[in-house]
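Visitor: Hello! Could you walk me through this structure, one question at a time?

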Amino acid sequence: MTERSTCNVVLKKCRATAVRFSGHLCGISRPSTPILSLRFFASWRLCGYSFISAFQRSPFSRTKPVLAAVLLFVLIAATTQHPEPVQLKIPAGWPAPTYDFSKNPLTKEGIALGRKLFYDPILSVDSIVSCSSCHLSYTAFTHVDHAVSHGIRDRIGTRNSPALMNLAWSGLLMWDGAVNHLDVQALAPIAHPDEMGEDIAHVVEKLRRSGRYPGLFYDAFGDATITGERMLKALSQFELTLISANSKYDRAQAGLETFTDQEASGYRIFKAHCIACHRPPLFTTGAFANNGLAVDTVYHDLGRMKITGDPTDSLKFKIPTLRNVEFSFPYMHDGRFKSLRQVIDHYAEGLVQGRTLAPELRDGVTLSKNERTDLVAFLLTLSDREFCFNPDHAFPRE
Amino acid sequence: MLRPVCLSVLLCFLLPCTGQDATFIKHVGFVPVFSKEALQLHQAVKLADGTPVTIDRLRFYVSQITLHGQGRTSFVDPACHLIDAEIPSSLEVALMVPQGIHVDSISFLLGIDSLTNVSGAFGGDLDPTKGMYWAWNSGYINWKLEGTCTKCETLKNQFEFHLGGYLPPYFNAQRIGFAVPAQGPIAIDVDVAAFLERAKPGERCAIMSPSKEAVELARVAASVFSIADHD
C-alpha cells in the first residue's frame, strides 16, 4: 500500500467515526493564504495524527511524545483554513442582510455542498425532481412558462414558483409567508406530496448511504455526520450566494450607464405608483398585500389568511421582487398573467375593489398606453444577465 | 491509624474544590402513564367510559427547565429535550446543577419558545428529522399524540393530535410548575388517559395546525402532568 492510499483509508475511517478536528474553527476568517488542496491537507492531517499516535506508543524515548505533540499542533494549525470561510459581498448602498450568518457561517465547502444538493434529485422520492427542476438558474431560478410548478409524478403544484435571489435579505418566505426562515424552507418542497414527496429523515438516510455525501459533509462541517440541520444549512449557504445586483438599473444608479428616455419615463411612473410596495434596492418590502387580483377560481387561494387565520389578511400575498421580472413569467402567485403588459393592464384597469385591497391601490392607477409601454421598458432594466449566467450558480460539473 | 490521617489530609486538599464550581446531577424523569398504569404503546386499552383506544406515539418537547428555591430562580437549563415514549433513554433528563443550590419547585415549558421557532434549523433533539417540525408551515410540534380509537371515522380509525404554534393568538407552549422535595430525583407523570378523556377522540380526530382548538388542547396536555407519587 502506498502512503497516499494508507492515508485515504485512515481518512475514510475517521470520516466514518466522525472525528471533529477543526469544526470549531469554521467561520474564523483570516486573510487568505494560498490554499493547497484541502482534501490533501485533510488527509495529511489525519495521516499525521495516526503517525503520531503510533509514535507515542513507541516505548523508548521520552522526548518523542513532546515532539509529536508539537508536530500535531503544527499540523492542525496549518489546516485552520478548512473549511475555507467566505465573506458575502454586500452590494453598495444595500441594507444589512437579515440572515444571521453567525449561526451558519458561509464556507467554500458549505456552499459547494449546498449547490450539489440543490441540483441533486436524491432529495425527491422518485429521484427525478431536484430543486433546480422548478428553480432554473438561467431564468433567475424560477420555473419558466409553467403557471404552477410541476413536481414528482407529474402532479401539478398549486402555486407559481418564485424567482430565487437576494435571499439573505428575505423576511417570511413563500407567497403566504408560511415559512419563517430560509434554513427551514427546503422542508416544504421536500415533504410536499406534489413537489418532491419525500420525508427529511429518509432523505438524510439516503445521503448517509450515498457514496459521496459523507465526504462532502466532512469537508463542509469538519466531520462526516449528516443531519437534517446540516443539510438544510448547506442548502441555505448556496441560496444565500444568489445575489442579483448588477442590472442596468443598478448601473444607472451608480452613474455607469444611462436610461433611455423611455426607461427614464417608466422609472418616473414606477416611482409614482409602484415603489411603495416594490421598494428598491430589493424591489419588495417583504410585506404582504392584496394587489387587487380576483380570487382564483381553481384553488380559491386566500394567501396569508391561511397562515394567520386573520380575516384582514384575506387575499394578501407576499410582494415579490421585481428584479429579473423579465424571466419570472407567468406572473402572480398562480401565474395568471403571461406578460408584463398584462400585469400593468391589471394595475391600470383590472383592480378588484375588495375589502382588503391595499390602500395604495384604492384610487386606481391611471396609465396611458404610452406610459404602460414605458413602464415595461423600465421593468426590463431590472434584468441581470450576469446573475442568470453566473457559472457559480449553474449545475455543478466535476 | 495512618489511614484516617491520610484521609483527612486528602480531604483538606479536596474541600476547597467542592465550593461554587462543583456540580451534581439532578434527574428529572417523565413517566408516561395511562390512568394509574405505565403506558403501553400499541396495546388496546380503555378510557374511563369504556371507549377502546390504542396509543401508538407520544412525543413532546420540554424546554427551559428551571429550578426555583426560596422564591428565587436557582438554575435554568438552556436545552430543549424531546421526550419520546418509544425511547426509554429520552424519558430522563440529567441536569448538571451547582452544588448547594436550594430547590423547592420546578417549572418548564411544554413545547418550544417563539424565538427558537423563528431561528432556523437546529440539531440534536431539535433536528427536523425528528418528525416534530411542520414542513409546510414553519414551526415545531410541541406535543404529538397518535393512536387509534373506534370512535374516529378516519382511515384505520386513527387520531392525530399535533399541537404547536408560536404566533399570537395561537401561541401553544405551556408553562408547567410544581413544588418538589428538596432532595432526590424529580419524577413527573404524564397521564395520556386524562388527556384523551378531555380531548375526546371521536368528537375530533385530527389537529394538525396552530389554532384556538390546539391552544385549548395544549392547556389540557399541560394539566395531565403531575408529580409522581409512586412509592
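Visitor: Which residue does Glu213(B) meet in a salt bridge?
Guide: Welcome! This is a predicted model, in which local features need pLDDT of at least 70 and side-chain atom pairs count only at pLDDT 80 or more, while totals for chains, interfaces and linings use all residues. Residues are numbered from 1 along each chain as its sequence is written, chains are lettered from A and ligands numbered from 1 in the order in which they are written, and side-chain values use heavy atoms, leaving out hydrogens and water. A salt bridge is a side-chain nitrogen of Lys or Arg within 4 Å of a carboxyl oxygen of Asp or Glu. At 2.6 Å from N to O, the partner of Glu213(B) is Arg204(B).

Visitor: Is Glu213(B) buried, partly exposed or exposed?
Guide: Buried means under 20% relative accessible area, exposed means over 50%, and partly exposed is in between (1.4 Å probe, protein chains only). Arg204(B), with 21%, is partly exposed. Glu213(B) has a relative accessibility of 32%, so this residue counts as partly exposed.

Visitor: How many salt bridges does a search of the whole structure find?
Guide: One of them joins the side chains of Lys316(A) and Asp313(A) at 4.0 Å, N to O, and both of these residues are buried. Over all chains, the search finds 19 salt bridges.

Visitor: Where in chain A is Arg372(A), the partner of Glu349(A)?
Guide: Glu349(A) and Arg372(A) form a salt bridge, with their closest N and O atoms 2.6 Å apart. The pair links distant parts of the chain, 23 residues apart, with Glu349(A) in helix H14 (residues 340–350) and Arg372(A) in helix H15 (residues 369–380) of chain A. Helices (H or I, at least four residues) and strands (E, at least two) are DSSP runs, numbered from the N terminus. So Arg372(A) lies in helix H15 of chain A.

Visitor: How are the rings of Tyr119(A) and Phe395(A) arranged?
Guide: A pair of aromatic rings is described by the distance of the centres and the angle of the planes. Rings of Phe, Tyr and Trp (its six-membered ring) pair if their centres lie within 6.5 Å; planes under 30 degrees apart count as stacked, over 60 as edge-to-face and the rest as tilted. The search of the whole structure finds 32 aromatic pairs over all chains. Here the centres are 5.6 Å apart and the planes stand at 85°, so the pair of Tyr119(A) and Phe395(A) is edge-to-face.

Visitor: How far apart in the chain are Tyr119(A) and Phe395(A)?
Guide: Tyr119(A) is in the loop between helix H4 (108–118) and helix H5 (131–134) of chain A, and Phe395(A) is in the segment after helix H16 (385–388). Tyr119(A) is buried at 9%, whereas Phe395(A) is partly exposed at 41%. The pair links distant parts of the chain, 276 residues apart.

Visitor: Which strands hold Phe30(B) and Phe60(B)?
Guide: Their ring centres are 6.0 Å apart with planes at 80°, so Phe30(B) and Phe60(B) form an edge-to-face pair. Both residues are buried, and both belong to one aromatic cluster that includes Trp143(B) and Phe225(B). Phe30(B) lies in strand E1 (residues 23–34) and Phe60(B) in strand E4 (residues 52–69) of chain B, so parts 30 residues apart in sequence are tied together by E1 and E4.

Visitor: How much area do chain A and chain B bury between them?
Guide: The size of an interface is often given as the accessible area lost when the parts come together. Buried area is that loss (1.4 Å probe), summed over both parts. Contact means heavy atoms within 4.5 Å, and 19 residues from chain A and 17 residues from chain B take part. With 61% of it on carbon and sulfur atoms, the area buried is about 1500 Å².

Visitor: How many salt bridges cross the interface of chain A and chain B?
Guide: Asn180(A), Val184(A) and Glu229(A) lose the most area on the chain A side, together 31% of what that side buries. For salt bridges across this interface, the rule finds zero.

Technical notes:
Buried area = accessible area lost by both parts, 1.4 Å probe.
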